[in-house]
Amino acid sequence: VVTALWRGLSAAHVATVRFNFRGVGAGEGAHGGGRAERADVLAALDAAHALAPDGPLYACGYSFGADVTLTCTHPALTLW
């Protein structure tokens, strides 16, 4: 679902940001048990907001990513 959303939104020319958590894939650093990864989510939200400051800001993720994302708040985040 997350990949389908990313592809569909990108195809519709909606600004999107996709990232790996620290220590995953090409990500630097080491896994932080969820706490440190909140900083990764917040950095991604900041980057997305900078790309489209006037648009709504949504976040989604797989499993661990969704769990960490649900613990984050961002002033531009749209909740539904």
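Reader: Which residues of helix H2 are buried?
Author: This is a predicted model, in which local features need pLDDT of at least 70 and side-chain atom pairs count only at pLDDT 80 or more, while totals for chains, interfaces and linings use all residues. Residues are numbered from 1 along each chain as its sequence is written, and side-chain values use heavy atoms, with hydrogens and water left out. Helices are DSSP runs (H or I, at least four residues; strands are E, at least two), numbered from the N terminus, and buried means under 20% relative accessible area, exposed over 50%, and partly exposed in between (1.4 Å probe, protein chains only). By these cut-offs, the buried residues of H2 are Glu37, Asp40, Val41, Ala44, Leu45 and Ala48.

Reader: Seen down the axis of H2, within what arc do its buried residues fall?
Author: An α-helix has 3.6 residues a turn, so residues three or four places apart point the same way. The arc is taken from the directions from the helix axis to the C-beta atoms. The buried residues of H2 line one face of the helix, because seen down its axis they fall within an arc of 135°.

Reader: How far does H2 reach from its first C-alpha to its last?
Author: The expected span of a helix is 1.5 Å times one less than its number of residues. For the 17 residues of H2 this gives an expected 24 Å, to which the span in the model is close, reaching 26 Å.

Reader: How many salt bridges does the structure hold, and which residue pairs with Asp40?
Author: A salt bridge is a side-chain nitrogen of Lys or Arg within 4 Å of a carboxyl oxygen of Asp or Glu, and the structure holds one. Its closest N and O atoms are 2.8 Å apart, and the partner of Asp40 is Arg22.

Reader: How many residues apart in sequence are the parts that this pair ties together?
Author: Asp40 is buried at 14% relative accessibility, whereas Arg22 is partly exposed at 25%. Asp40 lies in H2 (residues 35-51) and Arg22 in the loop between helix H1 (2-11) and H2, so the pair ties together parts whose separation in sequence is 18 residues.

Reader: With which residues is Asp40 in contact, leaving aside its neighbours within four places in sequence?
Author: Contact means heavy atoms within 4.5 Å. On that basis, and with neighbours within four places in sequence set aside, Asp40 is in contact with Phe19, Phe21 and Arg22.

Reader: How far apart in space are Ala39 and Glu28?
Author: Ala39 is found in H2 and is partly exposed at 42% relative accessibility. Glu28 belongs to the loop between H1 and H2 and is exposed, with a relative accessible area of 73%. The two are eleven residues apart in sequence, and their C-alpha to C-alpha distance is 13 Å.

Reader: What is the phi of His13?
Author: His13 is found in the loop between H1 and H2, where it counts as exposed at 74% relative accessibility. Although His13 is not a glycine, its phi is positive, at about 65°.
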